[in-house]
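Welcome! Here is a short tour of the structure shown below, taken one topic at a time.

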Amino acid sequence: MVRKIRTVVAIAALAFTFGLQPPAHAQDSNAKTLETGTFHGKVHSTSGRATIYQGKDGNLILRLTNFKTSNGPDVHVILIAATDADDDANFLKSNTERVELGKLKGNEGDQNYAIPSGTDLSKFQTVSIYCERFNANFGAAPLEKF
Amino acid sequence: MDSRIRSWFSRRKWLLVAVGLPLLIGAWWAFRPEKLWINQKVNEPAPFASSTDPQPLYTGRLEGKAHETSGRATIYKTADGKEYLRLTDFSTSNGPDVHVLLARSDDQSLKQEIVKRQLDSIELGPLKGNQGDQNYDLPASVDFQKYDAAVIYCERFHAVFGVARLEQF
């Protein structure tokens, strides 16, 4: 009987110590800043910062801050494959690999875009503000490890 | 002659309208010229915002000068208003009397590997390690518009190991 109580107490103590750990971890795992870079203008003058964050559940978010570009028709935010070195091109080649993040929400100000899960960030290393209608690269931000 | 052109126009007026108007509308749709004057401002909050975490203010990549140096330098502000410089993915060569400074990125002395004159800088302390993540407290109210570069600097030989130009985060 005494042994049984001891085991129960030991198991309870273990459970308690392990039980305490998750909240302690959760405190510092808020969001990770993965990559960041600044915009340079191409077809239109574009400035600001692009940063990729990773949330607790692994979701990726691109955030633009101090952002400013020219307003235009059908402007999108895309990630392009860095190997194509297209971030310095005024017009993207049709075979440039890209990940669509959505329509540009505003030509000025801070804004967030969800990055599709499974996007290979080691491949898509540049953010481009891209006018789909004219295939024009308004500006690009090559990302580097934060 | 004049009246003949005028009569041609009056006869073809409908043609001009029928062709010109769609052309104009098409051109407007394609270029949306009014957007040159109309700005669309947004202001979304940061994702996973937490006001208790230190916020990054400025950041930049370290570039090697006298010695190969790499990594990132970032200035953070804590919730209670203290500022500090953090080096991450940091690697430089080990050396004697190496210090961390803030200096002016446009300082001509930083263009060379060896500083000849007095460097206009703010001392942050001796380098804690030549590799790894590390923090340095900043004195209160540093003017980051002026001191916009983090410098790894060997005091003994006045050698600039590496410089990071800090840009607004």
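In chain A, residues 24 or more positions apart make up 62% of the contacts that have a separation of 6 or more. Please keep in mind that this is a predicted model.

**Chain A at a glance**

- Chain A holds 1 helix and 10 strands.
- Read from the N terminus, the order of its elements is α-β-β-β-β-β-β-β-β-β-β.
- Chain A has 146 residues, and 32% of them count as buried.

**Where the chains meet**

- Chain A gives 25 residues to the contact, and chain B gives 24 residues.
- On the side of chain A that touches chain B, the elements giving two or more residues are β1 (31–38), β3 (47–55), β4 (60–68), β7 (108–115) and β10 (144–145) of chain A.
- Of these, β7(A) provides the largest share of that side, with 5 residues.
- Sorted by class, the side of chain A that touches chain B consists of 5 nonpolar, 12 polar and 8 charged residues.

- Chain B is divided into domain 1 (2–36) and domain 2 (55–168).
- The centres of domain 1 of chain B and domain 2 of chain B, taken over C-alpha atoms, are separated by 63 Å.
- Helix α1 (residues 2–31) of chain B contains Ser3(B).
- Is Ser3(B) buried or exposed? Ser3(B) has 7 other C-beta atoms within 10 Å, and a residue counts as exposed at 12 or fewer, so Ser3(B) is exposed.
- From Ser3(B) to Gly162(B) there are 159 residues in sequence and 80 Å in space, C-alpha to C-alpha.

**Around strand β9 of chain B**

- Gly162(B) brings us to β9(B), where it is the bridge partner of Gly64(B).
- The strands β2(B) and β9(B) pair in the antiparallel sense, with 3 bridges.
- β9(B) also runs antiparallel to β8(B), and 6 bridges join these two strands.
- Why is β9(B) described as largely enclosed by the rest of the structure? Because 5 of the 7 residues of β9(B) are buried.

**The nonpolar cores**

- The largest nonpolar core has 30 residues, and the members that touch the most others are Val100(B), Ala150(B), Val151(B) and Val160(B).
- At least two residues of this core come from each of β2 (55–64), β3 (70–77), β4 (83–91), β5 (98–103), β8 (149–154) and β9 (159–165) of chain B.
- Which residues does Val160(B) contact, leaving aside its neighbours within four places in sequence? They are Lys65(B), Ala66(B), Leu110(B), Glu113(B), Val115(B), Val151(B) and Tyr153(B).
- There is also a second, separate core of 26 residues, including Val77(A), Leu101(A), Tyr113(A) and Ala141(A).

Notes:
Residues numbered from 1 in each chain as written. Chains lettered and ligands numbered in written order. Predicted model: local features only at pLDDT ≥ 70, side-chain atom pairs only at ≥ 80, totals over all residues. Contact = placed C-beta atoms within 7 Å. Helix = DSSP H or I, 4+ residues; strand = E, 2+ residues; numbered from the N terminus. Nonpolar A, V, L, I, M, F, W, Y, C, P; charged D, E, K, R; others polar. Core = buried A, V, L, I, M, F, W, Y, C linked by C-beta atoms within 7 Å. Buried ≥ 20, exposed ≤ 12 C-beta atoms within 10 Å, placed from the backbone. Domains from an automatic or database assignment. Pairing = 2+ DSSP bridges.
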